[in-house]
Amino acid sequence: ERFEAAMSATIPDYETAFNLLLCQLVKGDAEKAQKVFVKMLTLPLEGYGSDTDRHTRKTAAAATAAADETEDEREGRKDDDLGAELARRRKVADDLVINAARLVAPIVGSSEDTLANGLHWAIETVKDAEYQHLACILENELAVHHLRNKNVDQATKILKAFERKDQDLMATGSTNLSFLCLLERDLDGAMHQASLAVTSNRYDAKALVNLGCSYYMQQDFGRARDCFHEALTVEAGCVQALYNLGLTNLELQDFDAAVQVFERVLQLVPNHPEALYWLSRIGPEKYAVIFQSLLY
């Protein structure tokens with residue numbers, strides 16, 4: 001009731017809306033939860049008004065104290081500080097909206113695939129509210145949902161649409177499409193999509209792993225190893241890059257390096273079954289004992 005009262009206030013905010021949505025979900029009132037979500041999308045960032053005023057006063061005071069700055073430098077610094085604060089608040093608002101969409105989606109409708117229909121509803125709702133960047137995040141999650149349900153055609157259709165959008169979205173779509181192509185053993189498609197993803201974003205570890213796997217399946221183990229190494233420079237704890245690097249080292253008959261990599265996998269994922277299997281074959285005897293213990 002207090003959250004409902006706050007939402008009826010002159011300037012409601014995103015946190016209040018999100019908390020009210022949680023309350024409606026706990027009560028099991030799907031219809032009201034959807035209404036709160038729609039209301040949430042109409043809230044302006046000015047809902048953080050009092051904090052903005054305090055931040056502006058603080059920035060102005062700090063600028064006044066910096067007597068050695070020119071007028072242009074002071075104005076530029078205030079603009080930078082205020083811009084950073086507004087960007088932070090926009091991210092908070094975006095995170096709350098996207099999490100609210102994820103919570104509401106599973107309770108929308110009553111069909112066999114409720115989550116897919118709920119995500120469709122959330123996507124169209126945020127698009128209508130001009131949250132296009134959040135709609136794209138939800139579209140990617142819908143594609144992943146279709147993949148998990150082995151609905152490859154629907155997933156591919158969604159991901160291919162990303163090619164007509166901005167560079168970051170194209171990279172995301174290409175990364176997922178390359179994974180799909182790998183599953184279907186379409187090596188040319190996997191190489192093409194993975195290359196697009198890496199070209200769009202050289203710091204995407206998943207894209208680099210997919211490119212490495214494409215080279216691996218084409219038996220170009222040297223280039224595969226380079227891709228996995230680069231993925232690890234981007235994300236040192238990327239288990240997929242480590243495990244595939246271990247397999248690549250096996251193909252290159254660099255068994256000592258393979259053992260070291262598989263041991264790193266175990267440090268991140270204890271009792272990783274595939275890593276233990278290979279260590280039981282090429283590593284110290286203790287790993288054979290551990291692997292056997294997992295079988296019985």
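User: At roughly what angle do the axes of helix H3 and helix H6 cross?

Analyst: The model is a predicted one, and the two helices concerned are H3, which spans residues 30-40, and H6, which spans residues 114-128. Their axes come within 10 Å of each other, and the crossing angle is roughly 30°.

User: Are H3 and H6 roughly parallel or roughly antiparallel to each other?

Analyst: The axes of the two helices cross at roughly 30°, and angles under 35 degrees count as roughly parallel. H3 passes H6 in a right-handed crossing. By the angle, H3 and H6 are therefore roughly parallel.

User: Which residues of H6 are met by H3, and how does the contact divide by class?

Analyst: From H3, the residues taking part are Gln34, Phe37 and Val38, and they meet Trp121, Thr125 and Val126 in H6. By class, this contact of H3 with H6 holds no charged residues, two polar ones and four nonpolar ones.

User: In which loop does Asn271 lie, and what is its phi near?

Analyst: Asn271 lies in the loop between helix H14 (255-268) and helix H15 (273-282). With a relative accessible area of 46%, Asn271 is partly exposed. Most residues other than glycine have a negative phi. Asn271, a residue other than glycine, has a positive phi near 65°.

User: Is Arg185 buried or exposed?

Analyst: Arg185 is placed in the loop between helix H9 (167-183) and helix H10 (187-200), and its phi is positive, near 60°. Its relative accessibility is 61%, and the exposed class begins over 50%. Arg185 therefore counts as exposed.

User: How far from Tyr243 is Glu274 in space, C-alpha to C-alpha?

Analyst: Glu274 is placed in helix H15 and is partly exposed, with a relative accessible area of 38%. Glu274 and Tyr243 are 31 residues apart in sequence, while their C-alpha to C-alpha distance in space is 8.5 Å.

User: Which residues does Ser214 touch, leaving aside those up to four places away in sequence?

Analyst: Ser214 lies in helix H11, which covers residues 205-217. Its relative accessibility is 1%, so Ser214 counts as buried. Not counting residues up to four places away in sequence, the residues touched by Ser214 are Leu182, Ala190, Met191 and Ala194.

User: How many disulfides does the structure hold?

Analyst: A disulfide is a covalent bond between the sulfur atoms of two cysteines, and the pair must lie within 2.5 Å to be counted. For Cys238, which is in no disulfide, the nearest cysteine sulfur is that of Cys213, 9.7 Å away. Cys238 counts as buried at 4% relative accessibility, and Cys181 counts as buried at 11%. The number of disulfides in the structure is zero.

How values were computed
Residues are numbered from 1 along each chain as its sequence is written. This is a predicted model: local features need pLDDT of at least 70, side-chain atom pairs count only at pLDDT 80 or more; totals for chains, interfaces and linings use all residues. Side-chain values use heavy atoms; hydrogens and water are left out. Helices (H or I, at least four residues) and strands (E, at least two) are DSSP runs, numbered from the N terminus. Buried means under 20% relative accessible area, exposed over 50%, partly exposed in between (1.4 Å probe, protein chains only). Axes are lines fitted to C-alpha atoms, for helices over the stretch in contact, and angles run from 0 to 180 degrees between N-to-C directions. Angles under 35 degrees count as roughly parallel, over 145 as roughly antiparallel, 65 to 115 as roughly perpendicular and the rest as oblique. A crossing is left-handed if the near helix is turned anticlockwise from the far one by less than a right angle, and right-handed if clockwise. Contact means heavy atoms within 4.5 Å. Ala, Val, Leu, Ile, Met, Phe, Trp, Tyr, Cys and Pro count as nonpolar, Asp, Glu, Lys and Arg as charged, and the others, Gly among them, as polar.
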